[in-house]
Amino acid sequence: MDRFQAMTTFVRVVEAGSFSGAARVLGVGQPAISKSVAQLERHLNVTLLLRSTHGLTPTEAGLRFYERARLAIQEADEADLAARGVGASLSGRLRISAAPTFASLHVIPHLPRFLDANPGLDVDVVLDDRIIDLIAEGIDISLRMGALNDSSAVARKLATSPRSVLATREYLSRHGTPQLPAELSDHETVVFSQAGNAWNFQRDAAEVSVLVRGRARFSAAEGIRAAVLAHLGLTIASDWMFAPELADGRVVRVLENWSLPDIDLWAVFPTGRLATAKARLFAEFVEMVMRENGR
């Protein structure tokens with residue numbers, strides 16, 4: 001039995017809460033996961049997991065083993081990278097989560113460069129607009145935008161983007177360009193359903209709130225982007241969401257004399273454990289890419 005591999009498997013089982021979840025994270029079959037944990041229990045001569053119809057629960061011995069094993073895996077990862085020196089390539093597997101639209105525009109096009117520099121590394125990219133459980137999904141690093149509601153989150157800010165009212169030139173040529181926030185109530189708008197229909201603006205000391213029509217509401221950024229590019233209406237979005245179209249002029253900013261809060265991009269790491277060397281270096285890579293592209 002490869003003790004280190006079995007230890008890694010056990011840690012993933014505890015974090016995922018099931019054999020099937022760990023199998024999904026590690027990319028192997030569930031029987032292999034079950035067999036590895038059973039062999040580890042026989043080797044240690046102790047029960048690590050209580051199995052029931054409700055799932056898996058670590059025993060007291062299992063929790064103690066998990067904490068030590070988790071730290072050992074992290075320290076081994078750090079030691080491996082340190083031994084190979086500065087500039088050494090990464091190896092193993094890195095699980096990343098990100099919003100689909102942001103990742104498609106700003107991360108995935110640059111992945112070949114990251115992977116070319118690290119030929120021993122595999123990446124799993126989980127695309128989801130929802131905030132997912134990093135521990136349960138075995139995520140090493142999550143790229144998130146906006147305010148971080150969890151004050152205990154281990155996070156690092158990578159970039160900041162302005163937010164604006166945006167529309168296609170074609171929409172504005174048909175319906176006119178609003179000059180004041182109040183005029184937005186006369187326009188079609190594309191609304192992010194989780195944000196609501198109240199758009200808040202500021203200029204100097206003045207603050208204005210406008211209730212927009214919002215006939216088209218979307219639960220994901222991909223839908224908002226597609227709707228705006230179909231000339232359905234105006235929206236509030238970051239420059240990141242429409243970077244190619246802002247660059248070529250198909251989409252333009254309106255009400256530029258009025259400001260909206262900027263939006264931040266964060267690298268978020270699983271709470272309760274050290275960020276892996278792979279995760280930290282990937283965060284540095286994304287930060288560099290955003291800086292190189294002026295974002």
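Me: Which residues form one aromatic cluster?
Reply: This is a predicted model, in which local features need pLDDT of at least 70 and side-chain atom pairs count only at pLDDT 80 or more, while totals for chains, interfaces and linings use all residues. Residues are numbered from 1 along each chain as its sequence is written, and side-chain values use heavy atoms, with hydrogens and water left out. Rings of Phe, Tyr and Trp (its six-membered ring) pair if their centres lie within 6.5 Å, with planes under 30 degrees apart counted as stacked, over 60 as edge-to-face and the rest as tilted. One such cluster is made up of Phe114, Phe282 and Phe285.

Me: At what angle do the ring planes of phenylalanine 10 and phenylalanine 65 stand?
Reply: Across the whole structure, the search finds five aromatic pairs. The rings of phenylalanine 10 and phenylalanine 65 have centres 5.5 Å apart, and the pair is edge-to-face because the planes stand at 65°.

Me: How many residues apart in sequence are the parts that this pair, phenylalanine 10 with phenylalanine 65, ties together?
Reply: Helices (H or I, at least four residues) and strands (E, at least two) are DSSP runs numbered from the N terminus. Phenylalanine 10 belongs to helix H1 and phenylalanine 65 to helix H4 (residues 60-84), so the parts tied together are apart in sequence by 55 residues.

Me: In which helix does phenylalanine 282, tied by its aromatic pair to phenylalanine 114, lie?
Reply: Phenylalanine 114 and phenylalanine 282 form an edge-to-face pair, with 75° between the planes and 5.1 Å centre to centre. This pair ties together parts that are 168 residues apart in sequence, because phenylalanine 114 lies in helix H6 (residues 111-117) and phenylalanine 282 in helix H10.

Me: What is the relative accessible area of phenylalanine 282?
Reply: Buried means under 20% relative accessible area, exposed over 50% and partly exposed in between (1.4 Å probe, protein chains only). Phenylalanine 114 counts as buried at 4% relative accessibility, and phenylalanine 282 is buried too, with a relative accessible area of 0%.

Me: What distance does helix H10 reach from its first C-alpha to its last?
Reply: The expected span of a helix is 1.5 Å times one less than its number of residues. Helix H10 (residues 277-292) has 16 residues, and close to the expected 22 Å is its reach of 22 Å.

Me: Which residues is arginine 225 in contact with, leaving aside its neighbours within four places in sequence?
Reply: Arginine 225 lies in helix H8 (residues 221-229), and it counts as buried because its relative accessibility is 15%. With contact meaning heavy atoms within 4.5 Å, the residues that arginine 225 touches, those neighbours left aside, are Thr101, Leu105, Met241, Phe242 and Glu245.

Me: By what angle are neighbouring strands turned against each other, on average, in the sheet S12-S7-S13?
Reply: Two strands pair if DSSP finds at least two bridges between them, and here three strands form an open sheet in the order S12-S7-S13, with antiparallel pairing. Strand S12 (235-238) and strand S13 (251-254) are the edge strands, each pairing on one side only.
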